[in-house]
Amino acid sequence: MADIRFGYFPLTVDDVDEALTFYRDALGLTVLNDVSGNGWRWLSMGLPEQPGVVLVLSAPGAGRSPDDADALARLVAKGAGPGPVVFATSDLDATFERVRATGAEVLQEPMDQPWGPRDCAFRDPAGNLVRINGTA
């Protein structure tokens, strides 16, 4: 089988700037690319420790037909986007406190899950579910 790796994970948000603040300030991602034109914009974000793994944030209308953009905007507004987006950290409690301190909506404080990991959960500013697993 050919070598295959995860590359890009697209995530639709209703406000790219609000999402940038959350993913940069709360989770520590860095901007790799900021592209815009004709009324659309997307951000590629990642971590220096994981080159090639990229979260791409875009508004519903970025590269989509008006009908698709409207349908996707309705889903984003309801918090019914894809997901969850799952991150991992070696210090779940400290990461939880850092994210909570930014004012992010807390869905679940750190707890042991019956299926294995200890994790916590938040919503990003667009309503997307973000889970963080402890790796220790």
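This is a short tour of one structure, stop by stop.

The model is predicted, so local features need pLDDT of at least 70 and side-chain atom pairs count only at pLDDT 80 or more, while totals for chains, interfaces and linings use all residues. Residues are numbered from 1 along each chain as its sequence is written, and side-chain values use heavy atoms, with hydrogens and water left out.

**Stop 1: the largest pocket**

Select L29, L47, Q50, V86 and F87. Of the 21 lining residues, these are the closest to the centre of the largest pocket. The space there is about 460 Å³. A pocket is an open set of points on a 1 Å grid over the protein atoms alone, where a 1.4 Å probe fits, with protein on both sides within 12 Å along at least five of seven lines; lining residues have an atom within 4 Å of a point. Points are joined across faces, edges and corners, and the volume is the space filled by probe spheres set on them.

Now colour β3 (40-46), β4 (54-58), β5 (85-89) and α3 (92-101). These elements each give two or more residues to the lining. Helices (H or I, at least four residues) and strands (E, at least two) are DSSP runs, numbered from the N terminus. Which element gives the largest share of the lining? It is β5, with five residues.

By class, the lining has 15 nonpolar, five polar and one charged residues. Ala, Val, Leu, Ile, Met, Phe, Trp, Tyr, Cys and Pro count as nonpolar; Asp, Glu, Lys and Arg as charged; the others, Gly among them, as polar.

**Stop 2: helix α3**

Stay on α3 and select L92, T95, F96 and V99. These are its buried residues. Buried means under 20% relative accessible area, exposed over 50%, and partly exposed in between (1.4 Å probe, protein chains only). Look down the axis: the four cover an arc of only 100°, so they sit on the same side of α3. That arc is taken from the directions from the helix axis to the C-beta atoms. Their cover includes α1 (16-26), β5, β6 (105-112), β7 and β8; contact means heavy atoms within 4.5 Å. After α3 comes G103, with a positive phi near 90°.

**Stop 3: D119**

Move to strand β7 and pick D119. Is D119 buried or exposed? Buried, at 1% relative accessibility. Its side chain makes a polar contact with the side chain of R131, at 2.9 Å. A polar contact is a pair of N or O atoms within 3.5 Å; within protein, one must be able to donate a hydrogen and the other to accept it, and residues adjacent in sequence count only if both atoms are side-chain atoms. Leaving aside neighbours within four places in sequence, the contacts of D119 include L92, Q108 and I132.

**Stop 4: N128**

Go to the loop between β7 (118-123) and β8 (129-134) and select N128. N128 is buried too, with a relative accessible area of 3%. A polar atom of its side chain lies 3.1 Å from the backbone oxygen of T12. Beyond four places in sequence, N128 is also in contact with residues including L11, V13, G81 and F122.

**Stop 5: D14 and helix α1**

Select D14, in the loop between β1 (8-12) and α1. D14 is partly exposed, at 48%.

Step on to D15. It caps the N-terminal end of α1, with a side-chain oxygen 2.9 Å from the backbone nitrogen of D17. The buried residues of α1 are V16, A19, L20, F22, Y23 and A26.
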